[in-house]
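The model is predicted.

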Amino acid sequence: MQRRRTPAFIGPGLVLAAIACTETRNREPIYIAATISETGLRSTPAIEMENGYRLAVEVLNFGGGIQGREVELVTANDESDPDVAVRHYHDFVQRVDLLLGPYGSPVTAPVLDVTEAAGIPLVAPLAATPTIWAGKGRQWSVQMLPPAPAYLQGSVEIAAVGGARTVALVYEDSQYAASLASGVREAADAHGLEIVLDRAYPEGEADYTVLASAARDAGGDLFIGGGYYEDAIGLTRAVSEVGYEPLLISLSLGPADPRFADELGGLARCVTGYAPWIHTIGTSGFIAESDRFVERYGILYGRPPGYHAAAGFGAVELMAEAIDAVISPAGNFDRAAVRDHLFSFTTETILGPFGVYPPGDAQAGAQRVLKGLQVQWQDDGEGGLVQRIVHPEAVAQAEPCFSRQGAR
């Protein structure tokens, strides 16, 4: 039977619990390490992930740690560079107990070669490219996100139902975004939509105006794709600048961020995207429930958390729950036992359900239970915008809105 922890947020009961743990807190900490893209191309979402890591560790330790052993988070700046990250993880495997992943598929993929060879459990919160796990025989690394090809397929369905006939697909030339684009093509074919533009752009070197103009000239009813947060911002602005009026805009890893509408204002209206989690849905993990996580995050950072922060928080929850399941009363645990637990159990974190394919499967370690949401920025009735779930229908908070009337 899995043991569950009372959400560890400040309150009178927790003060007493903390006092009761005084005698065991002098045990050696559990050292868990990760690189963070504090600088470089991916720093914005990576720092959000780090915020989640740190908040989870803080909360966990305030509640007494794990069998009296506090968790100490060890970090290093990977500069959004895979080679730098690999060097840091070579160092980590010599001196820490367990590992969390860096931000993004391009950095995570080479890191896993290091950590798998060292035989140290790793939870990867924000790597979605399927090829990182498929056919690799992973034995120590588990994935939290669903596979990237599924991310924007719901938006293709929304556009088709709304009357779209054509698709303009633009995407960053990177592992993650190319994988996402493959899912868009698959969904377009399934819904009978014609792809009139299919164009990759260099990583970190997108000319958003040129891309939006090409999509406009091609006549794409659905403008879809992108790469990371900055791309979503740039492409949304460019659509307005060039006078492009698609039926629907759906972009990766931007509309899910609570700051998206703050940065774009009215341009964000009806823009859609993928999110595994948003702060208005209820989830519960080993360390906390989502309402408490959202409250505490808002106090610390002055804004609601996005899913990058939730994934970071959830990754610590997963690792802590696995340790708690196998640790002895004396505070000892075996890495292989932690690994076995991560690969075999299903649970829930702040991010949502967790469960991976077992060892020996062709996709061992890959996420198999978490599903995604299509979220959209809509009028809130008071002159502002609010983020709402519009797909799948079973959990939708509103009907989708469109930038213009359907093509049918």
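Two arginines sit over aromatic faces. Arg259 lies over the face of Tyr229, with 5.4 Å to the ring centre. Arg339 covers the face of Trp140 in the like manner, at 4.1 Å from the ring centre.

**Aromatic pairs**

- The count of aromatic pairs is eleven.
- One of them joins Tyr297 and Tyr301, whose ring centres are 4.6 Å apart.
- The planes of Tyr297 and Tyr301 meet at 45 degrees, so this pair is tilted: stacked needs under 30 degrees, and edge-to-face needs over 60.
- Five tyrosines, Tyr103, Tyr151, Tyr176, Tyr228 and Tyr274, make up one aromatic cluster.

**The Tyr297 and Tyr301 setting**

- Both residues belong to helix H10, which spans residues 290-301.
- Tyr297 and Tyr301 are four residues apart, or about one turn of the helix.
- Is Tyr297 buried or exposed? Its relative accessibility is 0%, so Tyr297 is buried, the cut-off being under 20%.
- Tyr301 has a relative accessible area of 28% and is therefore partly exposed, a class that runs between 20% and 50%.

**Largest pocket**

- The largest pocket holds about 300 Å³ of space.
- Its lining has 24 residues.
- Which residues lie nearest the centre of the largest pocket? They are Pro146, Pro147, Ala150, Leu370 and Lys371.
- By class, the lining of the largest pocket splits into 14 nonpolar, eight polar and two charged residues.

Methods:
Residues numbered from 1 in each chain as written. Predicted model: local features only at pLDDT ≥ 70, side-chain atom pairs only at ≥ 80, totals over all residues. Heavy atoms only, no water. Phe/Tyr/Trp six-rings, centres within 6.5 Å; stacked < 30°, edge-to-face > 60°. Helix = DSSP H or I, 4+ residues; strand = E, 2+ residues; numbered from the N terminus. Buried < 20%, exposed > 50% of the residue type's maximum accessible area, 1.4 Å probe, protein only. Lys NZ or Arg CZ within 6 Å of the ring centre and 35° of its normal. 1 Å grid on protein atoms, 1.4 Å probe; cavity = no way out; pocket = protein on both sides within 12 Å on 5 of 7 lines; lining within 4 Å. Points joined across faces, edges and corners; volume = space filled by probe spheres on them. Nonpolar A, V, L, I, M, F, W, Y, C, P; charged D, E, K, R; others polar.
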